[in-house]
Amino acid sequence: MRDIKINSFNSIFFILWFILGSLIWFVDDTNTIYTIQKRLYAIIILLSFISTTYLLCNYLLPKVINQFNLSKIALRVLAISLAQALILWGCQETFHTLKEIGIITFPLDPAEREPLLRLLMSTAPVTLMINIGFTGLKFYFEHNALNEKHMALEKAHLESRLSALQAQVNPHFMFNVLNHIHTLIQKDTEVASEVLLQYADILRYQLEKVEKDTVRLQEEIAFMQNYIEVEKLRWQHTLSVESHWMVEDEQQQVPPLLFITFIENAFKHVARISNGAGFIKIILEQRAGILEFTIENSVTEKEHKDKTSPKLGLHLIQKRLELVYPNKHTLTITRTEKIYSCHLTLELYATTC
């Protein structure tokens, strides 16, 4: 949707410049004996103005418009307007200099050669008005794009909340956990109590954090660790689970429940390999503004051939990543005969306290 908006803006941009250039051409009162001068001068000036205004609208303004930084918007517009006035003066001086040294032969009126300051004072207001107009048009398109992105993000967030709520009441997971706790109570009440508290923390985290846009990385890791410990209890000695957490900044903000789907998939589709237990390996590493999350699990040959099997919730995660980390994430999923692997890299935003 954003690409459509940008293309629509550029279409209108060039149409408006074509109309503006045509008007300037037809209302110009330059004497007919200066036809060559008029054509060369007009074409060079028009192309210079179009390119600088295009640079302003498509490269200098989008970021500051999204940040709604009015002072930076005004400075960029003013800088481009002054640059265009200087380009106009530079073209004027170039033509007259070429005439003086005999490179061009068509007539030039020395009376029309304005000093730099006077030309800036007469031209800058015009270029400023033109750029303000195009800035307003760009602001309109960017504002619409931001609204659409916000609506899509809200939709994805609601879908994520629904998915999390559904996961909270997953009867299969809940039955197995409670059944193991019941068995433990008869054998080791202390361990049973610890597992029950971990399971309660899982449910509490899902209920409380699903409403938030971001949580501290420390909280998200604690939630995942509780989930892994409960699953390890269910699998007991039939599964080898390794997890490594290397975090530089525990206060870094991430969306809640972003990684749990990968972990759920791993435990759901893990399989025992020949002559041994199945395995799951989880690595989360965060340094500076980069977070890398890798998870691997053993699979059977049947699941390797079934390319669609480990897909629970992944389409939703991919949609969230596209909205929350546009052009700031990579997700790589690989399958071999024995291993299913997901590798996610995020460019994290600045920590907010």
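This is a predicted model: local features need pLDDT of at least 70, side-chain atom pairs count only at pLDDT 80 or more; totals for chains, interfaces and linings use all residues.
Q: How many helices and strands does the protein have?
A: The secondary structure comes to 11 helices and seven strands. Helices (H or I, at least four residues) and strands (E, at least two) are DSSP runs, numbered from the N terminus.

Q: What is the order of the strands in the open sheet?
A: The five strands stand in the order β2-β4-β5-β7-β6, with mixed pairing. Two strands count as paired if DSSP finds at least two bridges between them.

Q: Why is one side of β2 and of β6 left without a neighbour in the sheet?
A: β2 (239–247) and β6 (329–335) are at the edges and have a single partner strand each, so one side of each has no neighbour in the sheet. Neighbouring strands of this sheet are turned by 5° against each other on average, direction ignored; axes are lines fitted to C-alpha atoms, for helices over the stretch in contact, and angles run from 0 to 180 degrees between N-to-C directions.

Q: How do you know that β2 and β4 pair, and in which sense do they run?
A: Nine bridges join β2 to β4, against the at least two that pairing asks for. The two strands run parallel, and W245 has L284 as its bridge partner in β4.

Q: What joins β4 to β5?
A: Eight bridges join these strands, which run antiparallel. I283 has T294 as its bridge partner in β5. Two residues lie between the strands of this hairpin, where A288 takes a positive phi near 50°.

Q: Over how many bridges do β5 and β7 pair?
A: β5 (residues 290–298) and β7 (residues 339–347) pair over nine bridges in the antiparallel sense. I295 stands opposite C342 in β7.

Q: Why does C342 count as buried?
A: The relative accessible area of C342 is 4%, so the residue falls under the 20% cut-off.

Q: Which helices lie across strands of the sheet?
A: α8 (residues 217–235) lies across β2, β4 (278–287) and β5, running at about 170° to β2. α11 (residues 314–324) lies across β6 and β7, at about 155° to β6.

Q: What makes a set of residues a nonpolar core?
A: A nonpolar core is a set of buried Ala, Val, Leu, Ile, Met, Phe, Trp, Tyr and Cys residues joined through side-chain atoms within 4.5 Å. The largest one has 46 residues, and F259, I263, L291, F293, I295 and L346 have the most contacts inside it. Its largest share, eight residues, comes from α8. A second, separate core of 14 residues includes F13, I50, L88 and L137.

Q: What makes α9 mostly covered?
A: Nine of the 10 residues of α9 (residues 260–269) are buried. Among them are F262, I263 and F267, and also E264, N265 and H269.

Q: Why is V254 called buried?
A: V254 has a relative accessible area of 0%, so it meets the buried cut-off. V254 lies in β3 (residues 253–254). Leaving aside neighbours within four places in sequence, V254 is in contact (heavy atoms within 4.5 Å) with residues including L217, L291, Y325 and L348.

Q: Why does T123 count as buried?
A: The relative accessibility of T123 is 11%, so it too falls under the limit. T123 is found in α5 (residues 116–168) and touches A85 and L88, not counting residues up to four places away in sequence.

Q: How many disulfides are there?
A: The count comes to zero, a disulfide being a pair of cysteine sulfur atoms within 2.5 Å.

Methods. Residues are numbered from 1 along each chain as its sequence is written. Side-chain values use heavy atoms; hydrogens and water are left out. Buried means under 20% relative accessible area, exposed over 50%, partly exposed in between (1.4 Å probe, protein chains only).
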